[in-house]
Amino acid sequence: MKINTLIALFLICSLVINAQDIASYPTGVQKLLKAYPEQIKGYNGSSIIFTNGTKILYKEGEKKTHEELINSSDLADIFKYPYLKGKVESIPKNYDPGRIRNEELLKNMYGSSSAEVQKNLETIIWCPNLVNQKLRVTRINGVDKQLQKISDELDKHPALKDYLYSAGTFNWRKVRGADRLSSHSFGTAIDLNVKYSNYWQWDCRCTSEDTELKYKNHIPQLIVDIFEKHGFIWGGKWYHYDTMHFEYRPELLVEE
Ligand SMILES: [Zn+2]
């Protein structure tokens, strides 16, 4: 057998072994690997491994209350409420897909301070025909490019114009009424026009997670569909709704 054939055989074998390995990883780990190929390079059986060598423990299984999940620092918990693409008819109590975040993951990818995040911000012209606003989002993981694609599509729909005025993107801040960092801190989120938005805390005039809420929304489904197509989830799919809010969370949108 020629040496080239041997090398080819070896490469095919290692690819097959690698694919089998990945199939045995927890589903969430597989999704993270698919969603962030430039950042996350592997899994060692207990932690995900970043290209820079950093490791974050990935542990599933512990039973937690909703309050514990929302404040959780366990990476696997970000997948506790599966995010469903497209139109959703009803939302069960406390079902908040994507509202659980992992700060360690976000800080590793986008920067661990306001200054660090700002080094990676890029300015895009948001919907130049309809709105023409300058917005700053991170270039890491191609978030700026994804938002540009969303802008290109939305800009073709004059009927959506009023909804599209953005109330903001990057802002290093905590979530209102909580001690967790908002996804706006990492330059991965955008809020649309506040005038057409509903936010659970404005309606209940409270910050308690354990409140009976009546869902409200005025954001057209077409806007949601366009964002989802490019890796952004929508806060209008949360029991604790925030309908102006979209954030880049491709790990919740990748197909299994
Ligand atoms: Zn927001």
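Three strands form an open sheet in the order 1-2-3, with antiparallel pairing. Strands here are DSSP runs of E with at least two residues, and helices are runs of H or I with at least four, both numbered from the N terminus. Two strands count as paired if DSSP finds at least two bridges between them. The edges are strand 1 and strand 3, each of which pairs on one side only. Neighbouring strands of this sheet are turned by 25° against each other on average, direction ignored. For such angles, axes are lines fitted to C-alpha atoms (for helices, over the stretch in contact), and values run from 0 to 180 degrees between N-to-C directions. Helix 2 (residues 27-35) packs on the sheet and touches strand 1 and strand 2, and its direction makes about 155° with that of strand 1. A contact means heavy atoms within 4.5 Å.

Before going further, please keep in mind that this is a predicted model: local features need pLDDT of at least 70, side-chain atom pairs count only at pLDDT 80 or more, and totals for chains, interfaces and linings use all residues. Residues are numbered from 1 along each chain as its sequence is written, and side-chain values use heavy atoms, with hydrogens and water left out.

## Two hairpins around strand 2

Let's walk along the sheet. Strand 1 (residues 40-43) pairs with strand 2 in the antiparallel sense over three bridges, and G42 stands opposite I49 in strand 2. These two strands form a hairpin with three residues between them, where G45 in the turn has a positive phi of about 100°.

Strand 2 is also joined by three bridges to strand 3 (residues 55-57), again running antiparallel. Here I48 has I56 as its bridge partner, while I49 stands opposite K55. This second hairpin has four residues between its strands, and G53 in the turn has a positive phi of about 95°. From strand 2 (residues 47-50), S47 and I49 point one way and I48 and F50 the other, yet all are buried. Buried means under 20% relative accessible area, exposed over 50% and partly exposed in between, with a 1.4 Å probe and protein chains only.

## The zinc site

The protein donors of the zinc ion are H184 (NE2), D191 (OD) and H245 (ND1), lying 2.0 to 2.1 Å from it. They follow the spacing H-x6-D-x53-H along the chain. H184 lies in the loop between helix 7 and strand 6 and H245 in strand 8 (residues 245-248), so the pair ties together parts that are 61 residues apart in sequence. Both H184 and H245 are buried. Donors are N, O and S atoms within 2.8 Å of the metal (3.2 Å for Na, K and Ca); water is not among the atoms, so sites may look incomplete.

## Aromatic pairs

Rings of Phe, Tyr and Trp (its six-membered ring) pair if their centres lie within 6.5 Å; planes under 30 degrees apart count as stacked, over 60 as edge-to-face and the rest as tilted. This rule gives twelve aromatic pairs. In one of them, the rings of W172 and F186 have centres 5.8 Å apart and planes at 70°, so the pair is edge-to-face. W172 is partly exposed, with a relative accessible area of 29%, whereas F186 is buried at 0%. Elsewhere, ring pairs link W126, F227, F232, W234, F246 and Y248 into a cluster.

## The whole protein

The secondary structure comes to nine helices and eight strands. Buried residues make up 48% of the 256 residues.
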